[in-house]
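Me: I've got a protein model open and I'd like to learn how to read it. Can you walk me through the features?

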Amino acid sequence: MIVDFTYYREVFEGTAISEQDFKRLSKKVERFINYATCNQAHKTSGNVLETVKECICELAEQYQIIEKSEKQALGEGEKVISSESVGSWSVSYDTPTKADVNTSEYTTEKNKRLYSIVKEHLAFTGLLYRGVS
């Protein structure tokens, strides 16, 4: 495991994920990171390792948002707030349907969101290079 909950709370200063959920989500995230980097992320050190850790934390938070949205579509879990105003308070909820969650377009969009976070963090680390060195 590249990132533990202590790093998430104290260094990344994350508050969105509980310790129990972080353990589960970080496993998913590390599989995604290993896929995106051709299994090179765990071999890093120094500044690149710190960048990988930040990426993992941000991806874990995104995975949590995705899971909440999927649970909501299946009629489980709490509603996901899509927007909120303060003056004359109003709130809007994101309400995907079962059909939305089960389409290939949904999966593609989900993966695009996740990979955009990976690119944002790891673009200049060399980890995303798939050529011959």
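Me: What should I know about the model before I start?

Reply: It's a predicted model, where local features need pLDDT of at least 70, side-chain atom pairs count only at pLDDT 80 or more, and totals for chains, interfaces and linings use all residues. Residues are numbered from 1 along each chain as its sequence is written, and side-chain values use heavy atoms, with hydrogens and water left out.

Me: How many helices and strands does the protein chain have?

Reply: Helices (H or I, at least four residues) and strands (E, at least two) are DSSP runs, numbered from the N terminus. Here you get five helices and two strands, in the order α-α-α-β-β-α-α.

Me: What share of the residues is buried?

Reply: Buried means under 20% relative accessible area, exposed over 50%, and partly exposed in between (1.4 Å probe, protein chains only). In this chain of 133 residues, 35% are buried.

Me: At what angle do H2 and H5 cross?

Reply: Axes are lines fitted to C-alpha atoms, for helices over the stretch in contact, and angles run from 0 to 180 degrees between N-to-C directions. The H2 and H5 axes come within 11 Å and cross at roughly 70 degrees, so the two helices are roughly perpendicular (65 to 115 degrees). Phe32, Ile33 and Ala36 of H2 make the contact (heavy atoms within 4.5 Å) with Asn111, Leu114, Tyr115, Val118 and Leu122 of H5.

Me: Where is asparagine 39, and where is serine 88?

Reply: Asparagine 39 sits in the loop between H2 and H3, and serine 88 in the loop between S1 (80-85) and S2 (90-94). Asparagine 39 has a positive phi of about 65 degrees although it's not a glycine; for serine 88, also not a glycine, phi is about 50 degrees. Asparagine 39 is partly exposed at 39% relative accessible area, while serine 88 counts as exposed at 73%.

Technical notes: Angles under 35 degrees count as roughly parallel, over 145 as roughly antiparallel, 65 to 115 as roughly perpendicular and the rest as oblique.
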